[in-house]
Amino acid sequence: MTRTYRISVLPGDGIGPEVVTEALRVLRAAQDALRGAEFQVHEFECGGQYYVRTGKEWTEEAEEFTKRQADAVLLGAVGAEDASGQPVRLPDGNLAGYNIVLGLRFGLDLYANVRPVRLFEGVPTPLYGVTHKDIDMVIVRENTEGLYTPTRGIMKRGGVEEIAIDTRVITRHGALRVIRKAFRLSMERNGAPLDGVRRVTCVDKSNLLAGCQLFRRVFDEVAGEYPGVSVDYAYVDAWTQWCLRRPQFYDVVVAPNAFGDIITDLGAAIQGGLGVAPAANIGDGHGVFEPVHGSAPRHAGQGTANPVAAVLATSMMLRWLGDRHGDRSCWDAAETVERAVADVLREGQVRTADLCRGPWAAVQPSSTSAVGRAIAERVSVLVEG
Ligand code: IPM
Ligand code: MN
């Protein structure tokens, strides 16, 4: 039986719409070639520019559909700049678009932000002597509390901003579920590139912070449920240098929210840059899939943005739909899209400017849509043989 999935597509601002166009091209190619699951795309305008134009970040219809009717959500990026280059903000001081990105994470209880850090063959890494065989980890970032808990504010005295407070909240419940997710993920993988050992690394600052001490105690408790997975600990500051010096050692890494935000940009850098880094915001009932990169206003409208991160986010969406609904055809689609990306990157001739470095410095950069088309065509070739 063919199932139809309703996908809320939120292209957003800047390069968001450009990369999402290509992600949808690839999604359509997978659907047409595999003739399995069907994807009904419901696209909504949203974000900072939309806010400037209408005074709202998105319509009620968009919000309603995204939160209550969609089977999955594909997000581009949000965030706009005004004429003077300043970020557009809401009256409450948050970035225009905040209620979409962070609103969905909190509103849909998407407690795990799963960010694979994999160096594809044919992609330049800044690390010396490191190849695609060395980098294949997943960072699982807590996504509904920590420093992002919306309990913050600025206090004025006599009209002067005197005090700013951000409260970092770590709960047992929040830690438990995201750490369990990390261990389950390790069980589905083949271990670290270095030694094939299933390993979950707890990245925290438990030498100092109470929340991290709780996080690590919960980590140890969960580790007890997974005797087949070895455990590893690192303070977040030290981890940043271990990640650069010995990326092969890491299989799954779990971290509280803000630390996870920071170390996943580091992870993106070693996997070839933000242009190729995807993310899946996952809860028990919903999933929002997006590139790790932002709206990059300076690169918008030029057709130069790398669509690979958005395409890989789409394949994460397909895999998640497959798991959730036991739908083989979604898994096949995910697998095919990933293989198509791997092929195009390995062959090396069709790539955006961000990847024309190192051994690929002489390659003539392709446009966003040329890369999207190459991946989509490869999807059809892989299926039709
Ligand atoms: C990310 C982004 C967001 C975050 C921003 C846009 C609020 O940096 O998804 O990593 O900090 O989580
Ligand atoms: Mn970030």
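1. The domain assignment, whose bounds come from an automatic or database source, divides the protein chain into domain 1 (1-111 + 278-385) and domain 2 (126-270). Eleven residues from domain 1 and 14 residues from domain 2 take part in the contact between them, where contact means heavy atoms within 4.5 Å. The C-alpha centres of domain 1 and domain 2 lie 24 Å apart.

2. This is a predicted model, in which local features need pLDDT of at least 70 and side-chain atom pairs count only at pLDDT 80 or more, while totals for chains, interfaces and linings use all residues. Residues are numbered from 1 along each chain as its sequence is written, chains are lettered from A and ligands numbered from 1 in the order in which they are written, and side-chain values use heavy atoms, with hydrogens and water left out.

3. Ligand 1 is surrounded by Leu102, Arg105, Arg115, Arg141, Tyr148 and Asp261, each with a heavy atom within 4 Å of the ligand. By class, this shell holds two nonpolar, no polar and four charged residues, with Tyr and Leu counted as nonpolar and Asp and Arg as charged.
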